[in-house]
Structures are given as C-alpha cells and as structure tokens.
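Please look over the structure shown here before reading the notes. They are arranged by topic and cover selected residues.

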Amino acid sequence: MSHNQKESNKALKLGIGTNKVGGHNLFEGLQDEDGFDIVREALDSKVQMIDTAYMYGLGRSEEIIGEVLKKYPRSSFKIATKAAQDPENDLKINNTPTFLKKAVDDALARLQTDYIDIFYIHFPDENTPKDEAVAALNDLKKSGKIRAVGVSNFSLEQIKEANKNGQVDYVEDAYSLVHREAENKLWPYLQENHIGFVPYFPLASGLLTGKYSLADADKFDQFTKEQFETIISALKLVEKISENHNASISQTILAWYIANPSISAVIPGARNASQVTNNVATLNIDLTETEYQQIDTAFENF
C-alpha cells in the first residue's frame, strides 16, 4: 500500500462522527449540551466534515448540529447525513425513492440548511432496486439539495447495482486496521469507479486506543486469542511511533488513516469537546514513510 500524503490535503480528511451528539437511543447518559459543545469545538477547530444520521437520536443529532451550524459560514465545512429507517413504519429499512426524497427534505429542515454535502442511504432494504434508489438521490443532486450521493453498509454486489449508472459518489462502511476486509472486497471497485471511501469505527470501538491489555481478550470475542495478542503487540509498536510525535496511540492510528490515499475522510466520534480537541491534534502528526509502512505491516493479517 503506498503512502502518498499531501500536506495541503491532510486537514481536508479529518471529520467527526456524531452518533454521541443527541444519540440518546444509542448511548446512555448523553447530555444535549455536550452535543452542542462537541459540534462547536469541531467547527472552531476547523474540522472539515460533520457526519450524522437520522438514526442518531431519531433526528435529534441533526437538530443539534443545525442549531450550531447557523453561527458558522456554511461553505467552511461539509455535512454528511444518512437515512433508511422509516419513522412511519417502526423504523423498518426503506430505500424507496418516495421515502428517500422525503428523508432528504426532513434532514434539510432539521439541519437548517439548504443543501447536504453527502447524503447516504444508511442501510439497504430487501426490495428496492438499488439503482432506482440512487437515481432518486441523483435527482436531488441535480436540483442542488444534495451535493453527493452515498451508500452505507452495502455489499459489493449492492454497490455495483447502485452504481449501475455511475451515480454513487461515496461508500461508508466499517473499516479499521483490525477490520481490513474492505481493502480487498471493496477498494478495487471503488477506485476503478472513482468512488470515495469513508470508514466508520476507525478505532474499533476503543480497541485501537491502547487502553486495553492482554487481560481484556474476553471483551473482544470476535478475535481469537492469537489475533488479540497480535493486536496488543502491534499497538506496542504504534506506541513507540507515537512517542516520536508526542502523540497518543489513537492519534497515531488516525494519522495512518489520514495518510492512506484510499481513504477519503476519517470520522472518529467524540463524547465531549475535549475528545474533539484530541482528535484534531492528529493533524500535527506527519508519519514518515517508514512509520506508515511499519503500522501497515503490523496489522497486515487483519
């Protein structure tokens, strides 16, 4: 994997995931005021993309973001949001053109903006032809309501169907240094078709922050004992590299994603404003070619 970091583009690749902004249905103990602080800190720190979804608080995340956005120049950041869960049908997944067009209008109202930079179909449904779903969003792109069309949690075959007419701009899917299946399954097709890739769960639900040890193996039963030992060993290497940059392990991992030319943007989440500040400090890290390859190799079997 080549390391082709361009300094001028680095800041453009750092966003923020906001499932903990208003996502009361997903996390216990969230306070709206913390959500407002997170978004303000992100925009004050010149974070380039705010990634949200209807499902984060059933619209509440978008509402909080919309309130904050009014005080900032709209052209200085991008908003990405997602929909598929139908509030009028017990949150059943719905990709029909009628639903998606209404979902975009509803999101625009909650976000208090007149356009959305990337609108993703959050999950595929069982029946709607994917190219028809994407065509509906492409109509909204032509009208200016959205700037780019995305799909999330789609299999490669579903992405191909969705992109039958070349109308998919972005794919968002799970990816991290310990979940690298997308590199072989998705990236060749995405790159061939000039489709951007945005990973979620980049820190693997905290595993890649360095806060766990071998004693925590039972908390991550998706990995074998040997795999978990490999991860902990790899993180010790990352820790050494992070010391070279006066950075944390998680910041160094995020710097690897930012330096990866196959990744369009990285969107780590935050539960409070200080975590946003810590994520933004990632931009101070310039991994050397050797360091980038060392991290890549340490996790190559995932």
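Predicted model: local features only at pLDDT ≥ 70, side-chain atom pairs only at ≥ 80, totals over all residues.

**Helix residues**

- Asn279 belongs to helix α11, which spans residues 273–280.
- Its relative accessible area is 11%, and Asn279 therefore counts as buried, the cut-off being under 20%.
- A polar atom of the Asn279 side chain lies 3.4 Å from the backbone oxygen of Gly269.
- Gly269 is also among the contacts of Asn279 beyond four places in sequence, together with Leu14, Leu254 and Pro268.
- Val238 sits in helix α9, made up of residues 225–244.
- With a relative accessible area of 0%, Val238 is buried.
- When neighbours within four places in sequence are left aside, Val238 is in contact with Ile249, Thr252, Ile253, Ile295 and Phe299.
- Val238 and Tyr257 are 19 residues apart along the chain, and their C-alpha atoms are separated by 13 Å.

**Loop residues with positive phi**

- Asn153 is located in the loop between β7 (149–152) and α6 (156–162).
- Its phi is positive, at about 65°, although Asn153 is not a glycine.
- Asn153 counts as buried because its relative accessibility is 18%, and the cut-off is under 20%.
- Asn246 is part of the loop between α9 and α10, the latter covering residues 249–259.
- Asn246, also a residue other than glycine, has a positive phi near 50°.
- At 75% relative accessibility Asn246 counts as exposed, since the cut-off for that class is over 50%.

Note on methods. Residues numbered from 1 in each chain as written. Heavy atoms only, no water. Helix = DSSP H or I, 4+ residues; strand = E, 2+ residues; numbered from the N terminus. Buried < 20%, exposed > 50% of the residue type's maximum accessible area, 1.4 Å probe, protein only. Polar contact = N/O pair within 3.5 Å; in protein donor to acceptor, adjacent residues only side chain to side chain. Contact = heavy atoms within 4.5 Å.
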